Amino acid sequence: VMPVDKMKLVMWDLLQAGNYATIQKEKDTSIKQFNTAYMAQVLQLYKIGKDDFFKSFDYYQTHPELNKILFDSISAYSQRKRGDLYKGDLHKKIE
């Protein structure tokens, strides 16, 4: 089972890939396999197999206290990423 810190990053990237796939599907309705392809790329990036990911995912789903920690961690990570983006935009406007 992946530790929370690694699972958080994998989940974050999977969520981002899913959002991107949704946008791409809206642009081209003939595309059907974006989610699967992007998921495979994210898992490959982290050097984990689909079965290993789902084993960890299922583990967190069946342990509510750990699942809460995981999703709180993802939420905090998201807030930090958003803050970093705003800092970058603000900095660019000042220059």
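Among contacts in the protein chain between residues at least 6 apart in sequence, what percentage join residues at least 24 apart? The share is 66%, where contact means heavy atoms within 4.5 Å. The structure is a predicted model, in which local features need pLDDT of at least 70 and side-chain atom pairs count only at pLDDT 80 or more, while totals for chains, interfaces and linings use all residues. Residues are numbered from 1 along each chain as its sequence is written, and side-chain values use heavy atoms, with hydrogens and water left out.

**Confidence**

- The protein chain has a mean pLDDT of 86, and 85% of its residues reach 70 or more; pLDDT is the predictor's confidence in each residue, from 0 to 100.
- Within the protein chain, H3 has the highest confidence, at 96, and H4 the lowest, at a mean of 81.
- Where pLDDT is low, the predicted coordinates should not be read in detail.

**Fold and surface**

- Four helices and zero strands make up the secondary structure of the protein chain, giving the pattern α-α-α-α along the sequence.
- Helices (H or I, at least four residues) and strands (E, at least two) are DSSP runs, numbered from the N terminus.
- The protein chain has 95 residues, of which 26% count as buried; buried means under 20% relative accessible area, exposed over 50%, and partly exposed in between, with a 1.4 Å probe and protein chains only.
- The accessible surface of the protein chain is about 7000 Å², and 57% of this surface belongs to carbon and sulfur atoms; the areas come from the Shrake-Rupley method with a 1.4 Å probe, and for residues only the protein chains shown count as cover.

**Nonpolar core**

- The largest nonpolar core contains 18 residues, and Met2, Met7, Val10, Ile48 and Phe53 touch the most other members.
- At least two residues of this core come from each of helix H1 (4-27), helix H2 (34-45), helix H3 (50-61) and helix H4 (64-94).
- H1 gives the largest share of this core, with seven residues.
- A nonpolar core is a set of buried Ala, Val, Leu, Ile, Met, Phe, Trp, Tyr and Cys residues joined through side-chain atoms within 4.5 Å.
- Apart from neighbours within four places in sequence, phenylalanine 53 is in contact with Met2, Met7, Val10, Met11, Leu14, Met39, Leu43 and Ile48.

**Aromatic residues**

- The structure holds six aromatic pairs. The ring centres of tyrosine 59 and tyrosine 60 are 6.0 Å apart and the planes stand at 85°, so this pair is edge-to-face.
- Rings of Phe, Tyr and Trp (its six-membered ring) pair if their centres lie within 6.5 Å; planes under 30 degrees apart count as stacked, over 60 as edge-to-face and the rest as tilted.
- Tyrosine 59 is partly exposed, at 32% relative accessibility, whereas tyrosine 60 is buried, with a relative accessible area of 4%.
- One aromatic cluster is formed by Phe53, Phe54 and Phe57.

**The H3–H4 loop and helix H4**

- Threonine 62 lies in the loop between H3 and H4 and is exposed, with a relative accessible area of 56%; its side chain reaches the backbone oxygen of tyrosine 59 at 3.0 Å.
- Asparagine 67, in helix H4, is buried because its relative accessible area is 16%.
- The side chains of asparagine 67 and glutamine 61 make a polar contact (3.4 Å); a polar contact is a pair of N or O atoms within 3.5 Å, and within protein one must be able to donate a hydrogen and the other to accept it, with residues adjacent in sequence counting only if both atoms are side-chain atoms.
- Not counting residues up to four places away in sequence, asparagine 67 touches Tyr60 and Gln61.
- Leucine 66 is also placed in helix H4 and is partly exposed, with a relative accessible area of 25%.
- Leaving aside neighbours within four places in sequence, leucine 66 is in contact with Tyr59 and Tyr60.
- The C-alpha atoms of leucine 66 and valine 4 are separated by 8.2 Å, although these residues are 62 residues apart along the chain.
- Isoleucine 69 lies in helix H4 and counts as partly exposed at 46% relative accessibility; from isoleucine 69 to valine 4 the C-alpha distance is 7.7 Å, across 65 residues in sequence.

**Backbone at lysine 47**

- Lysine 47, in the loop between H2 and H3, counts as exposed at 73% relative accessibility.
- Phi of lysine 47 is near 60°, a positive value in a residue other than glycine.
- Most residues other than glycine have a negative phi.
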